[in-house]
Amino acid sequence: MLQQTQMETVIPYYNRFVERFPDVYTLASADDAEVLKYWQGLGYYRRANYLHQAAKQIVENFAGVFPKDYSEILSLKGVGEYTAGAIHSIAFGQPTPAIDGNVHRVLSRLLSYPGDVTTRKSDTFFKTQLQEMIVYENPSDFTQAMMELGALICKKQPLCEMCPVSKHCSAFVSGTQNDYPVKKPKKPISIEHYITFVYDNSESQTMLIKRPDNGLLANLLAFPQYPSVTLDKAIRAFENEFALTITKADYLFDIDHVFSHKKWLMKVYRVHADPVPKSVLFYDLDNLPEAISKAHSKIIERI
């Protein structure tokens, strides 16, 4: 039910994106800002950047036709071994292994695999095993079946009584299915403290800066913020970066945002400063022309 609700939420954004970019040529010729704008609501913005760059590769290197060769698929920006394997198998009917977290879980239980499934060694082992299992008459169906088996049946809490292959499962036969897959404990999420500034000009527009083209939240708009737990240090950094003087700083609220590997704790201040810098851009927050980071979208919602 949760997955269905999430899909229903995403579908309108997906339709909007496809309507604007109906083919690879339209997407390849678009500028970065427009692609990010239409990607809003579809998740990680890095994927939009990769998709855009891959579209350009397909137009420039493959005459606008999606490549069928595995190595060529793997050469596309943002396409890793799992995605390339899934495309090669499902779209082109080739017996190529595609291993994601769901398939890891299925294989680890079928084989009672004792190693840490997150290692490269385990990945290589599973690919070898899966290559031997693939039904060559219809590898597309086999690949999708493995994915669905992991997603719907062989879940974290497995539904073994519903599993069509339980009699072939080593872990089920030995009653140890809940011991697999084996994984190393995750590292604790790191905490990062920031002072974040909201700075408006005389036209009630807000200063936003574009983040670097690599790293976390690449190419997205964001409020200026500085890694500091003290306001004075952040003010000095802001003043030095934009050659202005803050005359007043009013605390607004605290807000946080959790990424997969870290958590931002942001203290948000509305600041007044002179002079207004000419080298930065100000935006109407209710009509942004570009994508803003999800972490800072929370700030917009509050203010």
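Figure 1. Helices (H or I, at least four residues) and strands (E, at least two) are DSSP runs numbered from the N terminus. Because 8 of its 10 residues are buried, α7 is largely enclosed by the rest of the structure; buried denotes under 20% relative accessible area, with a 1.4 Å probe and protein chains only. Among these buried residues are Val 103, His 104, Arg 105 and Leu 110. The model is predicted, so that local features need pLDDT of at least 70 and side-chain atom pairs count only at pLDDT 80 or more, whereas totals for chains, interfaces and linings use all residues. Residues are numbered from 1 along each chain as its sequence is written, and side-chain values use heavy atoms, with hydrogens and water left out.

**Figure 2. Ends of helix α7.** Asp 100 caps the N-terminal end of α7, with a side-chain oxygen 3.2 Å from the backbone nitrogen of Asn 102. Ser 112, which follows α7, has a positive phi near 50 degrees.

**Figure 3. Crossing of helices α7 and α9.** The axes of α7 (residues 101–110) and α9 (residues 139–153) come within 8 Å and cross at roughly 85 degrees; axes are lines fitted to C-alpha atoms, for helices over the stretch in contact, and angles run from 0 to 180 degrees between N-to-C directions. The two helices are therefore roughly perpendicular to each other, a term for angles of 65 to 115 degrees. Asn 102, Val 103, Arg 105, Val 106 and Leu 107 of α7 meet Met 146, Met 147, Leu 149, Gly 150 and Ala 151 of α9. These contact residues comprise 7 nonpolar, 2 polar and 1 charged; Ala, Val, Leu, Ile, Met, Phe, Trp, Tyr, Cys and Pro count as nonpolar, Asp, Glu, Lys and Arg as charged, and the others, Gly among them, as polar.

Figure 4. An open sheet of 4 strands has the order β4-β1-β6-β5 with mixed pairing; two strands pair if DSSP finds at least two bridges between them. Its edge strands are β4 (225–226) and β5 (245–258), each pairing on one side only. Helix α11 (residues 231–242) lies across β1, β4, β5 and β6 at about 55 degrees to β1.

**Figure 5. Strand β6 and its partners.** Strands β1 (residues 190–199) and β6 (residues 262–274) run parallel, joined by 10 bridges, and Glu 192 stands opposite Trp 264. β5 and β6 pair in the antiparallel sense over 12 bridges, with Ala 249 partnering Val 271.

Key:
Contact = heavy atoms within 4.5 Å. Parallel < 35°, antiparallel > 145°, perpendicular 65-115°, else oblique. Buried < 20%, exposed > 50% of the residue type's maximum accessible area, 1.4 Å probe, protein only. Polar contact = N/O pair within 3.5 Å; in protein donor to acceptor, adjacent residues only side chain to side chain.
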